[in-house]
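Here is a short briefing on one protein model. It covers confidence, helices and packing.

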Amino acid sequence: MGWLFAVALGLHRHSRRAVLLALPPLAAGHALAIGVVAVAAVFLGLRIDPVAARIGAGGLLLAWAGYHGLYGHRHRVRIGMTAGAAGLALWSFLMATAHGAGLMLLPALLPLCTMPGGPDGPLTVSLAAVAVHTLAMLVAMGAIALLVHDWFGVGFLRRGWINLDAVWTGVLAVTGLGLVVTA
């Protein structure tokens, strides 16, 4: 959803440059949100049974999907169109946290906890995964934001809108169920 904010900001300011300048803070906030979960997952995963970790993570994802399905769209943080880089990073951090973005990485992060090398091995690999994920997200978000800003415009969003909250809630539930079933 960060790309949508970047497009809205660019259209509001009538500037492609505003779209491009909004992307790094949005990616930084997202990276911080998933980084917190990655570090917590590694340290908890090293200390508890892997099956219990998978079941707990799956249950957490299912509960979050349920909450998000019932109340998620009603609790939005409002950041105005005059927000600076810090405001954009804060908004991105809060939205990624509220949408459970870090939780979605648990299926990939939990197996890392069984790596040899003590806590430094899994932690280093987890933070590298956060960096790769953030870079991929930044490239995809930037491409979509520029495509919508430069060619399609905001009218495209009005005509072809997909309820991404519903899609994300479904993805949270499927991932949580997958973790619980494969535990």
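Helices (H or I, at least four residues) and strands (E, at least two) are DSSP runs, numbered from the N terminus. The expected span of a helix is 1.5 Å times one less than its number of residues. This is a predicted model: local features need pLDDT of at least 70, side-chain atom pairs count only at pLDDT 80 or more, and totals for chains, interfaces and linings use all residues. Residues are numbered from 1 along each chain as its sequence is written, and side-chain values use heavy atoms, with hydrogens and water left out.

**Confidence**

- The protein chain has an average pLDDT (the predictor's confidence in each residue, from 0 to 100) of 78, and 79% of the residues score at least 70.
- Where pLDDT is low, predicted coordinates should not be read in detail.

**Helix 6**

- Helix 6 spans residues 120-152, 33 residues in total.
- From first C-alpha to last, helix 6 reaches 46 Å, close to the expected 48 Å.

**Helix 3**

- Helix 3 (residues 50-71) has 22 residues and reaches 31 Å from its first C-alpha to its last, close to the expected 32 Å.
- Its buried residues (under 20% relative accessible area, with exposed over 50% and partly exposed in between; 1.4 Å probe, protein chains only) are Ala 53, Ala 57, Gly 58, Leu 61, Ala 65 and His 68.
- These residues cover an arc (from the directions from the helix axis to the C-beta atoms) of only 125°, so they lie on the same side of helix 3.
- Helix 4 (85-98), helix 5 (106-109) and helix 8 are among what covers them.

**Thr 169**

- Thr 169 sits in helix 8 (residues 164-181).
- Thr 169 counts as buried because its relative accessibility is 15%.
- Leaving aside neighbours within four places in sequence, Thr 169 is in contact (heavy atoms within 4.5 Å) with Ala 65, His 68 and Gly 69.

**Nonpolar cores**

- A nonpolar core is a set of buried Ala, Val, Leu, Ile, Met, Phe, Trp, Tyr and Cys residues joined through side-chain atoms within 4.5 Å.
- The largest has 21 residues; Ile 34, Ala 57, Leu 61, Leu 103, Leu 106, Leu 109 and Leu 172 have the most contacts inside it.
- Helix 2 (16-45), helix 3, helix 5 and helix 8 each give two or more residues to this core.
- Helix 2 gives the most, with five residues.
- Another core lies apart from it, with 12 residues, including Leu 26, Met 137, Met 141 and Leu 146.
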